[in-house]
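Open the model in your viewer and keep the sequence panel beside it. The stops below go from the whole chain to single residues.

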Amino acid sequence: MNIDLTETNSSKINSALVKARRATGSPAVGMVLTLVIVTDEGNHYDALKSASDASREHPSRILVVIKRPGRSPRERKSARLDAEVRVGGETGIGETVLLRLHGELADHAESVVLPLLLPDAPVVVWWPDEAPVNPAADPLGALAQRRITDAAQTEDPVASLGLRAETYTPGDTDLAWTRITPWRSVLAAALDQKQAAVKGAVVEGEADNPSTELLGLWLARRLGVPVRRKVSEGPGITAVRLATSEGEICLDRPSGSLAELAIPGQPDRHVALQRRATSDLIAEELRRLDPDEAYAAAVKFGVDRLAQTEETVTPDEAEARIAEADAAAGKGGDTKAAPSDTGGKAPAGKRAAAK
């Protein structure tokens with residue numbers, strides 16, 4: 001059921017939600033959280049579709065905040081709220097409200113959102129594209145227990161990671177971190193199987209890919225070894241190579257879907273590492289609403305700690321580059337793979353921006 005409201009207010013929107021629930025027989029008690037999406041007119045469709053798909057796992061009230069401050073001085077001075085209420089149908093057992101804030105009201109979105117939050121339920125705010133400098137200090141972010149950004153959608157993804165580190169507040173997270181969950185799981189399992197001294201690592205991925213940077217930072221932080229950042233043609237992260245005292249552990253994903261894991265002394269095996277849809281990423285983030293300490297430790301480690309080269313990696317160069325990492329690590333001695341956070345730091349390296 002869809003209800004369109006023009007020049008409305010939060011009270012009328014709540015009344016429309018109650019009316020729509022009664023008409024469709026959809027109870028509000030089945031929803032577990034409120035998801036607030038802050039976006040613009042051009043990006044709201046894709047963001048809402050991803051959130052709706054994720055709500056099948058996490059029934060929620062989705063509030064889409066679309067700011068339209070206007071172009072002319074007259075439009076900017078006006079203040080109008082238009083809304084569209086959707087209950088049932090494609091929204092399942094959840095609810096969706098599109099909020100279009102015109103004029104000066106666009107600067108006070110929290111006053112519209114606050115009365116529409118589900119009582120006694122967690123609040124998550126997601127910025128699918130450009131996010132505030134400090135999400136926790138943003139009026140909408142201050143309402144939330146969890147704040148989700150996406151550095152990959154910004155003009156300078158790597159610089160955005162540095163900004164996230166400077167302004168980090170417990171409850172912040174980024175989809176660039178969520179994208180590397182399968183990589184971290186496979187690499188941790190590989191190191192559990194092969195108890196060998198890790199001397200260095202090489203992480204290969206597209207230029208200006210924030211997930212590649214975060215994966216390198218996570219490895220450097222957890223293992224306390226030098227990590228080299230290498231640029232490949234993609235898509236996304238293409239390979240991670242760990243130089244150990246017993247040989248090379250290699251997780252190679254050239255196609256963006258199926259990866260090959262090579263561990264010394266064991267047969268090579270295929271691993272499913274499909275690039276996931278945004279809806280899957282959002283669903284993963286909504287499974288936990290407590291602070292992500294692993295993300296905080298990785299992003300605060302600092303992207304300037306990774307050495308990055310400008311050339312493109314080819315398969316023929318892999319062996320030589322692992323040798324470089326091995327030689328660099330050998331100067332500082334062997335370091336064991338740590339099952340928990342050791343606080344080790346890799347030598348700082350100058351990162352050349354690869355364009």
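Helices (H or I, at least four residues) and strands (E, at least two) are DSSP runs, numbered from the N terminus. This is a predicted model: local features need pLDDT of at least 70, side-chain atom pairs count only at pLDDT 80 or more, and totals for chains, interfaces and linings use all residues. Residues are numbered from 1 along each chain as its sequence is written, and side-chain values use heavy atoms, with hydrogens and water left out.

**Whole chain**

Show everything as cartoon. The protein has eleven helices and 16 strands. Of its 355 residues, 53% are buried. Buried means under 20% relative accessible area, exposed over 50%, and partly exposed in between (1.4 Å probe, protein chains only). The accessible surface is about 16000 Å²; areas come from the Shrake-Rupley method with a 1.4 Å probe, and for residues only the protein chains shown count as cover. Carbon and sulfur atoms hold 49% of that surface. Among contacts (heavy atoms within 4.5 Å) with a separation of 6 or more, 73% link residues 24 or more positions apart.

**The eight-stranded sheet**

Select β1 to β8. These eight strands form an open sheet with mixed pairing, in the order β1-β4-β5-β3-β2-β6-β7-β8. Two strands pair if DSSP finds at least two bridges between them. Which strands stand at the edges? They are β1 and β8 (172–174); each has a single partner strand, so one side of each lacks a neighbour in the sheet. Neighbouring strands are turned by 15° against each other on average, direction ignored. The axes behind that angle are lines fitted to C-alpha atoms, for helices over the stretch in contact, and angles run from 0 to 180 degrees between N-to-C directions.

Leu81 stands opposite Leu101 in β5.

**From Leu81 to Ser10**

Beyond residues up to four places away in sequence, Ser10 touches Leu81, Ser111, Val112, Pro115 and Leu116. Is Ser10 buried or exposed? Its relative accessibility is 11%, so Ser10 counts as buried.

Step back to Glu7, in the loop between β1 (2–5) and α1 (10–24). Glu7 is not a glycine, yet its phi is positive, about 50°. Glu7 counts as exposed because its relative accessibility is 58%.

**β9, α8, β10**

Move to β9 (residues 197–205) and β10 (residues 227–231). They pair in the parallel sense over five bridges. Val203 has Arg229 as its bridge partner in β10. The chain runs from β9 through α8 to β10 in a right-handed β-α-β crossover. Right-handed means that, with the strands pointing away from the viewer, the path from the first strand over the helix to the second runs clockwise. Four of the five residues in β10 are buried.

Pick Asp208 in the loop between β9 and α8. Asp208 also has a positive phi, about 60°, without being a glycine. Then go to the loop between β10 and β11 (237–244), where Pro235 sits. A cis peptide bond joins Gly234 and Pro235, with omega about 5°.

**The cores**

A nonpolar core is a set of buried Ala, Val, Leu, Ile, Met, Phe, Trp, Tyr and Cys residues joined through side-chain atoms within 4.5 Å. In the largest, of 41 residues, Leu215 and Leu219 touch the most other members. Helix α8 (residues 210–223) gives this core its largest share, seven residues. A second, separate core has 29 residues, including Ala20, Val97, Leu101 and Val123.
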